[in-house]
Amino acid sequence: MTATDLALDISVRRVAQSRLPEIDFNHLPFGRIMTDHIFVADYNGKEWTDLRIEPFAKMSISPANLTLHYGQTIFEGLKAYKTGNHEILVFRPDQNAKRMNKSAVRMYMPEIPEEIFLAGLKELLEIDRNWIPTTQGSSLYIRPLMFATDEYVGLQPSQTYRFIIMCSPVGAYYNKPVKVKVETHFTRAVEGGIGYAKTAGNYAASMLPTQLAIEEGYDQLIWTDGKEHKYVEEAGSMNLMFVINGKLITASTGDSILDGITRKSVIQVAKDMGIEVEERKLAISELIEAIQKGTLQEAFGAGTAATIAQIIQIGYEGIRYELPPVETRKISNAIYKELEDLKYGRIPDQRGWMMKI
Ligand SMILES: *Cc1c(COP(=O)(O)O)cnc(C)c1O
């Protein structure tokens, strides 16, 4: 797809002086350095208005701002890459625009038209194009955000909202294998709940359980179903995938699992490679049995940040199970390579996934 046919009336107010010369591109802490500009649109109760690019700056918010009290807010996460010949490619932004609207519907917020999302993104990336790192493995993390702006402490949906796209240059993701603990007490999401929405509350509620696992020496959790704590769900910022007997297995998406774009991309690439894929319920007992029998060959998380995060240890009921060495994991290593090559324009984009700026 191309973004060139997306033309909307977007006003532009540029920074007087770019912060770019101050940035050390060899040391980019994740998510702390923001580019010069943001894209903004405001919803006035009827329509999205005042589409604009403006300097990244502090905003003033009323203490009565509804988001601060009731959490009516959603976000997205995606990345832009600079290719060897300095083209800008964005990985499947149309999918993020669609998913943001699924989150919006669940949180009773207005949908943002896909053409505003994509045209705003394109304009912003053109203006801040020099912020996209060129060093191997680095990229520009893009964070779209929508939140309520009514000033009212009564419990009711906001009438007005703001949509923002901000960007942050990020260094090469150090793909360190992770240790995960199967969570069998706390619950992330339930059927009928908000687990499939990228909304603040899901992440706020995960902080205590995750912190407790970190204190036990793990990096992250494997969330299990809220009813019985018997089935694998996801990792809270990544979807989970396993290779058992040569088959790629992952939980089917539903109310309680976020429909990851990396997840669906990994599935598609696997299928195109002729690998058998099963989207189904995966019991923790099946997983542990596969580890014990030696049929579990690979385990990894799939998400925008790392693309693929290898899992080397799974903790369950006080026992730590070690998984096969990362070098032996043919399937996930091959899928990872194909996705990275695609994002940096090193191989042809046969699926039409990359938006060229
Ligand atoms: C964002 C997210 C993911 C991964 O989704 P991607 O689109 O692949 O980045 C998985 N789980 C949760 C809860 C998330 O918020």
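About 390 Å³ of space lies in the second largest pocket. This is a predicted model. The largest pocket has a volume of about 860 Å³, and a search of the whole structure also finds one cavity of 30 Å³ or more. The protein chain is divided into domain 1 (11-172) and domain 2 (178-344). UniProt, in an unreviewed entry, places a pyridoxal phosphate-modified lysine at Lys-198.

**Second largest pocket**

- The lining of the second largest pocket is made up of 20 residues.
- Glu-191, Asp-225, Glu-233, Ser-256 and Lys-281 lie nearest the centre of this pocket.
- Sorted by class, its lining holds eight charged, seven nonpolar and five polar residues.

**Largest pocket**

- The largest pocket has 34 lining residues.
- Nearest its centre lie Phe-30, Tyr-141, Ser-237, Met-238 and Ala-305.
- The lining of the largest pocket comprises 16 nonpolar, 11 polar and seven charged residues.
- Four elements each supply at least two residues of this lining: β7 (139-148), β8 (161-170), α5 and β14 (296-303).
- Why is the largest pocket said to lie between domain 1 and domain 2? Both domains give residues to its lining, so the pocket lies between them.

**Domains**

- The C-alpha centres of domain 1 and domain 2 are 27 Å apart.
- The contact between them takes 26 residues from domain 1 and 21 residues from domain 2.

**Largest cavity**

- The largest cavity holds about 80 Å³ of space.
- Its lining consists of Gly-77, Leu-78, Lys-79, Tyr-81, Phe-91, Asn-96, Ile-261, Thr-262, Thr-304 and Lys-343.
- Four of these lining residues are nonpolar, four are polar and two are charged.
- β5 (78-82) and α5 (261-272) each supply at least two residues of the cavity lining.
- Which element gives the most to this lining? β5 does, with three residues.
- Domain 1 and domain 2 each provide at least three residues of the cavity lining.

**Lys-198, the annotated lysine**

- The feature recorded by UniProt at Lys-198 is "modified residue: N6-(pyridoxal phosphate)lysine", from an unreviewed entry.
- Lys-198 sits in the loop between β9 (178-182) and α4 (200-215).
- Is Lys-198 buried or exposed? Lys-198 has a relative accessible area of 14%, which is under the 20% cut-off, so this lysine counts as buried.
- Beyond its neighbours within four places in sequence, Lys-198 is in contact with Thr-73, Ile-74, Phe-75, Glu-76, Gly-77, Arg-99, Ser-103, Tyr-203 and Leu-258.
- One of these contacts, Gly-77, is also among the residues lining the largest cavity.

**Leu-121 in helix α3**

- Leu-121 is found in helix α3, which covers residues 114-127.
- Leu-121 is buried, with a relative accessible area of 0%.
- Setting aside its neighbours within four places in sequence, Leu-121 is in contact with Leu-78, Val-90, Pro-93, Ile-142, Ile-165 and Met-355.
- Among these contacts, Ile-142 is 21 residues from Leu-121 along the chain, and the two C-alpha atoms are separated by 8.8 Å.

Technical notes. Residues are numbered from 1 along each chain as its sequence is written. This is a predicted model: local features need pLDDT of at least 70, side-chain atom pairs count only at pLDDT 80 or more; totals for chains, interfaces and linings use all residues. Side-chain values use heavy atoms; hydrogens and water are left out. On a 1 Å grid over the protein atoms alone, a cavity is a set of points where a 1.4 Å probe fits but cannot get out, and a pocket is an open set with protein on both sides within 12 Å along at least five of seven lines; lining residues have an atom within 4 Å of a point. Grid points are joined across faces, edges and corners, and a volume is the space filled by probe spheres set on the points. Ala, Val, Leu, Ile, Met, Phe, Trp, Tyr, Cys and Pro count as nonpolar, Asp, Glu, Lys and Arg as charged, and the others, Gly among them, as polar. Domain bounds come from an automatic or database domain assignment. UniProt positions are given in the numbering used here, feature names are shortened, and annotations may be inferred rather than shown by experiment. Buried means under 20% relative accessible area, exposed over 50%, partly exposed in between (1.4 Å probe, protein chains only). Contact means heavy atoms within 4.5 Å.
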